[in-house]
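Welcome to my notebook. I jot down here what I looked up, one topic at a time.

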Amino acid sequence: MRRYRYIILSEESTFVHDVKNHVQGLGLLYCGSAASMNDGVNLVISELPDLIFLQPSGEDRRSALSLSLLTELQHYLRFLPKVILAAESTAIAVEALRYDVLAFIHLPAQRVDFVKAVMKFDRCC
């Protein structure tokens with residue numbers, strides 16, 4: 001497996017910690033995390049990751065992390081990184097299809113769920 005760069009976008013530090021632990025040893029290089037929409041856009045632009053782990057916020061705030069981050073990134077990037085979405089509600093999975101999200105992980109998740117998503121990512125890239 002090629003060494004891919006990834007970032008984590010989540011307001012929850014426990015999610016960031018869990019993702020880093022779950023994907024350890026899978027050939028991914030951690031490049032940072034962000035907890036807001038603006039910081040997330042800036043991090044993606046500065047790091048140009050291959051993969052984004054996104055946990056959308058539960059609230060409807062302008063600064064909240066959501067799938068609209070991908071629309072915002074289209075203003076700046078020619079090619080968007082692949083996105084693995086993780087959420088407690090499956091309702092957002094339907095919306096994620098419109099955004100061409102690579103994989104959906106239903107939380108709480110186990111390591112095997114992250115391994116499957118990363119293997120799917122490796123296969124498509």
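I call a residue buried under 20% relative accessible area, exposed over 50%, and partly exposed in between (1.4 Å probe, protein chains only). The model is predicted, so I keep to its rules: local features need pLDDT of at least 70, side-chain atom pairs count only at pLDDT 80 or more, and totals for chains, interfaces and linings use all residues. Residues are numbered from 1 along each chain as its sequence is written, and side-chain values use heavy atoms, leaving out hydrogens and water.

**Cysteines.** I looked for disulfides (pairs of cysteine sulfur atoms within 2.5 Å) and counted zero. Cys-31 is buried, at 15% relative accessible area. Its sulfur lies 15 Å from the closest cysteine sulfur, in Cys-125, too far for a bond. Cys-124 is partly exposed, with 40% relative accessibility. The sulfur of Cys-124 is 3.4 Å from the closest cysteine sulfur, also in Cys-125, and that is too far for a bond.

**Helix 1.** I took helices (H or I, at least four residues) and strands (E, at least two) as DSSP runs, numbered from the N terminus. Which residues of helix 1 are buried? I found Phe-15, Val-16, Val-19, His-22 and Val-23. They sit on the same side of helix 1, because they cover an arc of only 135 degrees around the axis (taken from the directions from the helix axis to the C-beta atoms). On the other side, Ser-13 and Thr-14 are exposed. After helix 1 comes Gly-25, with a positive phi near 85 degrees.

**Ser-10.** I found Ser-10 in the loop between strand 1 (4–9) and helix 1 (13–23). Ser-10 is buried, at 3% relative accessibility.
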